[in-house]
Amino acid sequence: MNEREHAPVTVLGLGSMGSALAAAFVAAGHATTVWNRSPERAAALVKQGAVQQLQIADAVEACSVIIACFSTFEATRESLAEASLRGRDLITLNSGSPAEAREFAQWATDRGARYLGGAIKNVPSAVGNPDTLLYFGGDRDVFDEHADTLRALGGDLEFLGPEPDLAVLYEAAVGATLLPALLGFLEGAAVLATRGYQAQTMVGYSVKWLQMIESILPVIAEEIDNRDYTRLGASIEVFHNAIDQDVQLGTESGVDMAWHAPLHELLRRAVGDGMGKQSITALIELLAKPSGPVATD
Ligand SMILES: NC(=O)c1ccc[n+]([C@@H]2O[C@H](COP(=O)([O-])OP(=O)(O)OC[C@H]3O[C@@H](n4cnc5c(N)ncnc54)[C@H](OP(=O)(O)O)[C@@H]3O)[C@@H](O)[C@H]2O)c1
């Protein structure tokens with residue numbers, strides 16, 4: 001590896017994710033400076049070879065590449081208020097809203113930093129794996145100049161574009177499937193449990209089911225992009241007709257399925273609007289036109 005691949009790096013924020021990031025840099029041979037509000041969280045990293053700074057200003061001063069992994073953009077800004085960012089390349093890897101990301105990018109660049117907003121699409125234990133995905137938006141030069149360094153965190157790096165909020169925008173868009181998918185699995189496991197079957201017995205079948213969903217995503221995306229809801233072959237009507245079955249399963253099993261109610265409502269609205277014969281993808285037309293106030297909490 002050449003000098004550039006081993007560029008010194010500072011990691012700020014040593015929670016579960018930040019600690020994994022710092023450990024991956026150390027393991028890849030980067031001189032790694034670390035800082036955390038609660039200093040004791042750095043102990044394990046120091047044993048591995050990281051250098052701890054007790055003042056954030058000193059940690060930022062130590063390297064020109066700064067990776068920040070606090071809980072929020074607000075915490076990142078609060079912490080960095082005491083440091084000079086002039087001439088620094090600041091890369092954030094926290095979650096947040098697109099508006100917060102844009103505001104943060106402005107704040108950082110106003111203070112003389114070049115800014116790249118990133119998101120890591122995996123768990124701390126996957127940091128450093130060749131297939132771990134990280135994506136970025138913002139300053140292209142920062143991405144290009146530090147891609148070799150960032151590769152220590154995951155082998156699958158994507159630059160989404162120059163807008164600094166793109167990483168959190170895609171993180172939210174892609175992540176939107178997580179909770180409904182997990183809740184569906186939990187509900188299925190709860191139903192099986194009422195009959196004495198273990199969750200393990202459905203894992204293999206659920207994996208195949210998720211693979212089926214994976215296989216139809218390109219057609220769904222094409223239907224959305226063309227606003228032509230005729231190709232999928234799974235109509236809104238079919239889902240609408242299954243509502244009674246859904247309700248019956250809840251009653252029969254005693255499992256709480258109240259979270260289905262707004263989904264059923266959406267299907268009823270679609271059928272009421274004469275969309276029954278269109279593919280299920282057409283529900284996006286209703287999502288884009290909320291019938292009531294958009295929920296804020
Ligand atoms: N963990 C994951 O699986 C995962 C996966 C993808 C993305 N992420 C994202 O990565 C970010 C960090 O997650 P995490 O799991 O590492 O969280 P975490 O374990 O809860 O750690 C939070 C970190 O933020 C610091 N912090 C919070 N508020 C602060 C403040 N006001 N001032 C200074 N420091 C503050 C904490 O410092 P103290 O130690 O002093 O409290 C700690 O270093 C989040 O945005 C999360 O969404 C996490």
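Author: The expected span of a helix is 1.5 Å times one less than its number of residues, a helix being a DSSP run (H or I, at least four residues) numbered from the N terminus. The model here is predicted: local features need pLDDT of at least 70, side-chain atom pairs count only at pLDDT 80 or more, and totals for chains, interfaces and linings use all residues. Residues are numbered from 1 along each chain as its sequence is written.

Reader: How far apart are the end C-alpha atoms of helix 9?

Author: Helix 9 covers residues 200-226, which is 27 residues. At 1.5 Å a residue these should span 39 Å. The distance in the model agrees with that, because the end C-alpha atoms are apart by 40 Å.

Reader: At which residue does helix 9 bend?

Author: The bend is the angle between axes fitted to the seven residues ending at a residue and the seven starting there. In helix 9 it is about 40 degrees, and a proline, P218, follows within four residues. The residue at the bend is L217.

Reader: How many residues of helix 9 are buried?

Author: Buried means 20 or more other C-beta atoms within 10 Å of a residue's own, exposed 12 or fewer, and partly exposed in between, with C-beta atoms placed from the backbone. Helix 9 lies largely in the open, because of its 27 residues the number buried is 1.

Reader: Is A44 buried or partly exposed?

Author: A44 lies in helix 2, residues 43-48. With 13 other C-beta atoms within 10 Å, A44 is partly exposed.

Reader: What separates the C-alpha atoms of A44 and T109?

Author: Along the chain, A44 and T109 are 65 residues apart.

Definitions and conventions
Helices (H or I, at least four residues) and strands (E, at least two) are DSSP runs, numbered from the N terminus.
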